[in-house]
Amino acid sequence: MDSTTAEVLYFFPPFLRVYTDGRVERLTGTDVVPPSINSETGVSTKDVVIAPETGVSARLFKPISVNPEKRLPLLVYFHGGGFSLCSPYCSMYHNYITSLVLAGQIIAVSVDYRLAPENPLPAAYEDSWTALQWAVSHFNGQGSEPWLNDHADFRRVFLAGDSAGGNISHNLAVQAGVDALGSGVKLRGICLIHPYFGRKSEHDVGKVDGNISGGRPEEMPGVDNRWLYVCPTTSGFNDRRMNPAADERLWRLGCDKVLVCVAEKDVLRERGWFYYETLGKSRWNGEAVIMETEGEKHVFHLFEPSSERAVNLMTRIVSFINQEFVEDGAGLGLLLNHY
């Protein structure tokens, strides 16, 4: 079929069009910022290939000034974009992780997983797990990447992501609780920023239908069309990757603490709250905290990073990463700042 006459098969406004000839048109997140050592930003970056057979790669971030005797928390970050957009290399995520690394004085691995629809789920989950395992394999100082060998504290590992990346972070934390990451690794916490999960009930349509479902009639009851498109093999409403309440393994979430960030005007706000409430009702024995930003929409902090509310959100995330709960000599809990 002539590409000039191809019709739009799927349109997830305003970011993605898929045509009947198979062509995928991404309308955002396709630019590439080159990596830079000793950048004027105060953060050095480099790119690494993790799995050549699948193309899984990552961008590493490190503060330029690092005390060689001090280990820094390790953050593994998963970008958002509905499992079908963006990368660690686009300006939006490169700039955000740069700012986060500088503010928090951390080491970051920002994962480039394969995107749908060319690579339907579970590809993104599999790639992300591969990247996480690669990162923590450096715990003994004998990995392939010197930045991780020399500077990362593998007793303070964190996962974070926004939107679909928040979903990935949660699912990997559950897998880490089931399969473990290794005796020398401690997953301290996960930070879910405006996470993308499924609906509270099969009969819940609500305000997300026109956005998350692409404005079309539902193809599967209780399931967003967008999720069905990126994961055509989904079992439906009770798919535990999108519905934590349906996951019998939820209580095994493999971290000590969780920060859930929601925004008042985000179409996914109620889903973030439902996740927080569901986790609280489970047998998981960690600590969950939720932060809501008033008057803001989905991932506002990526589009207006210098706004007061975006700065406040970053401050909260940095605090979450740099606080560690420890026992003192009397067995009492203390919160220690590492920055």
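Predicted model: local features only at pLDDT ≥ 70, side-chain atom pairs only at ≥ 80, totals over all residues.
Colleague: Start with the open space. What volume does the largest pocket have?
Modeller: The largest pocket has a volume of about 440 Å³.

Colleague: Which residues lie nearest its centre?
Modeller: F15, S163, R226, H298 and V299 lie nearest the centre of the largest pocket, out of 26 residues that line it.

Colleague: And which helices supply at least two residues of that lining?
Modeller: Helices α1 (91-104), α5 (209-212) and α8 (300-303) each do. By class, the lining of the largest pocket has 14 nonpolar, seven polar and five charged residues.

Colleague: V299 came up there. Where is V299 found?
Modeller: V299 is in the loop between β11 (287-293) and α8. Its phi is near 45°, a positive value in a residue other than glycine.

Colleague: Is V299 buried or exposed?
Modeller: V299 counts as buried because its relative accessible area is 8%, and the cut-off for buried is under 20%.

Colleague: F83 has a positive phi too. What is the value?
Modeller: The phi of F83 is about 65°, and F83 is not a glycine. F83 sits in the loop between β6 (72-78) and α1. With a relative accessible area of 1%, F83 is buried.

Colleague: Now peptide bonds. Which one is cis, with omega near -5°?
Modeller: The bond from P13 to P14. P14 is in the loop between β1 (8-12) and β2 (16-19). A cis peptide bond also joins L121 and P122, with omega about 20°. P122 is in the loop between β7 and α2.

Colleague: What lines the largest cavity?
Modeller: Its lining residues include Y196, R199, D224, W227, F237 and M242. By class, the lining of the largest cavity has five nonpolar, four polar and two charged residues.

Colleague: Switching to charges. How many salt bridges does the structure hold?
Modeller: The structure holds 16 salt bridges. One of them is between E118 and R26, whose closest N and O atoms are 2.8 Å apart. That pair links distant parts of the chain, 92 residues apart: E118 is in the loop between β7 (107-112) and α2 (123-136), and R26 is in strand β3 (residues 24-26). E118 counts as partly exposed, at 43% relative accessibility.

Colleague: What does E145 pair with?
Modeller: The side chain of E145 meets that of K46 in a salt bridge, at 3.0 Å from N to O. This pair also links distant parts of the chain, 99 residues apart, with E145 in the loop between α2 and α3 (146-151) and K46 in strand β4 (residues 43-51).

Colleague: Are E145 and K46 buried or partly exposed?
Modeller: E145 is buried, at 5% relative accessibility, whereas K46 is partly exposed, at 22%.

Colleague: Which residues form a network of salt bridges?
Modeller: K186, R188 and D256 are linked in one.

Colleague: Last topic, the surface. Which residues make the nonpolar patch of about 230 Å²?
Modeller: V8, F11 and L27 make that patch. L27 lies in the loop between β3 and β4, and L27 is partly exposed, with a relative accessible area of 38%.

Technical notes:
Residues numbered from 1 in each chain as written. Heavy atoms only, no water. 1 Å grid on protein atoms, 1.4 Å probe; cavity = no way out; pocket = protein on both sides within 12 Å on 5 of 7 lines; lining within 4 Å. Nonpolar A, V, L, I, M, F, W, Y, C, P; charged D, E, K, R; others polar. Salt bridge = Lys/Arg side-chain N within 4 Å of Asp/Glu carboxyl O. Helix = DSSP H or I, 4+ residues; strand = E, 2+ residues; numbered from the N terminus. Buried < 20%, exposed > 50% of the residue type's maximum accessible area, 1.4 Å probe, protein only. Points joined across faces, edges and corners; volume = space filled by probe spheres on them. Patch = residues over 30% accessible without salt bridge, like charges linked within 9 Å, V, L, I, M, F, W, Y side chains within 5 Å. Areas by Shrake-Rupley, 256 points an atom, 1.4 Å probe, with all protein chains shown as cover.
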